[in-house]
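Have the viewer open as you go through the points.

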Amino acid sequence: MPTAAISVGYVCMYTLLMWSTYIGAECYSNGTIDYLWLDGLWKKMQYCDDKLMRVPSPPWAYRTKEAHRNAVENLVVFAPLVILCLQAGIDVDAPAAVYLYARLAHFPLQAIAFPVTRTAAWSIGWAASCYIAFLLVTA
């Protein structure tokens, strides 16, 4: 089982890489094979989505964008809680690992649109964050 600090690092790295799925989908959808889809990347980098990005993203790419947004919103709560607990000497290795595994499950479940399991994964992560907050407050 990873330590709490390692769990925070893994969650941060995982969240950092999530954007590549939906940006890659937009570049692929709006690029051509003649340029190995790099023309789609060039269109995306110009930030003229209304004019240049004429093909809409596939539904799974929209869902991964929402999962990324959700991961960032939850990371803002999780990481400071764990850091404060580590500074206070509170052992939160187990709930931090539970949060890590819940976030690892949430992203692909959101991408493939498993509604009940996706919500369960999010709820487990939320409960782990609440438990970490409880440990911090009661210490």
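In this predicted model, A128 counts as buried because its relative accessibility is 5%, under the 20% cut-off.

**Around A128**

- Which residues does A128 touch, once those up to four places away in sequence are set aside? They are P95, V98 and Y99.
- With Y99, the C-alpha to C-alpha distance is 5.6 Å, although A128 and Y99 are 29 residues apart in sequence.

**Around Q110**

- Q110 belongs to helix α6.
- Its relative accessibility is 11%, so Q110 also counts as buried, the cut-off being under 20%.
- Not counting residues up to four places away in sequence, Q110 touches R63, E66, A67 and R118.

**The nonpolar cores**

- The largest nonpolar core is made of 17 residues. Those with the most contacts inside it are V11, F78, V82, V92 and I132.
- Two or more residues of this core come from each of α1 (4-17), α5 (59-88), α6 (93-111) and α7 (115-138).
- Which element gives the largest share of this core? It is α5, with six residues.
- If you select V82 and leave aside its neighbours within four places in sequence, you will find A4, V8, V92 and I132 in contact with it.
- There is also a second, separate core of five residues, and I23, A25, C27 and A61 are among them.

**How α1 packs on α5**

- The axes of α1 and α5 come within 10 Å and cross at roughly 160°. This angle is over 145 degrees, which means that α1 is roughly antiparallel to α5.
- The crossing in which α1 passes α5 is left-handed.
- On the α1 side, the residues that meet α5 are A4, A5, V8, V11, C12 and T15. Their partners in α5 are H68, A71, V72, L75, F78, A79, V82 and L86.
- How many nonpolar, polar and charged residues does the contact of α1 with α5 have? By class, there are 12 nonpolar residues, two polar ones and no charged ones.
- V82 links two of these topics: V82 is listed among the residues with the most contacts inside the largest core, and V82 is also one of the α5 residues that meet α1.
- V11 and F78 can be read in this way too, as both are named for the most contacts inside that core, while V11 in α1 and F78 in α5 are included where these helices meet.

Note on methods:
Residues are numbered from 1 along each chain as its sequence is written. This is a predicted model: local features need pLDDT of at least 70, side-chain atom pairs count only at pLDDT 80 or more; totals for chains, interfaces and linings use all residues. Side-chain values use heavy atoms; hydrogens and water are left out. A nonpolar core is a set of buried Ala, Val, Leu, Ile, Met, Phe, Trp, Tyr and Cys residues joined through side-chain atoms within 4.5 Å. Buried means under 20% relative accessible area, exposed over 50%, partly exposed in between (1.4 Å probe, protein chains only). Helices (H or I, at least four residues) and strands (E, at least two) are DSSP runs, numbered from the N terminus. Contact means heavy atoms within 4.5 Å. Axes are lines fitted to C-alpha atoms, for helices over the stretch in contact, and angles run from 0 to 180 degrees between N-to-C directions. Angles under 35 degrees count as roughly parallel, over 145 as roughly antiparallel, 65 to 115 as roughly perpendicular and the rest as oblique. A crossing is left-handed if the near helix is turned anticlockwise from the far one by less than a right angle, and right-handed if clockwise. Ala, Val, Leu, Ile, Met, Phe, Trp, Tyr, Cys and Pro count as nonpolar, Asp, Glu, Lys and Arg as charged, and the others, Gly among them, as polar.
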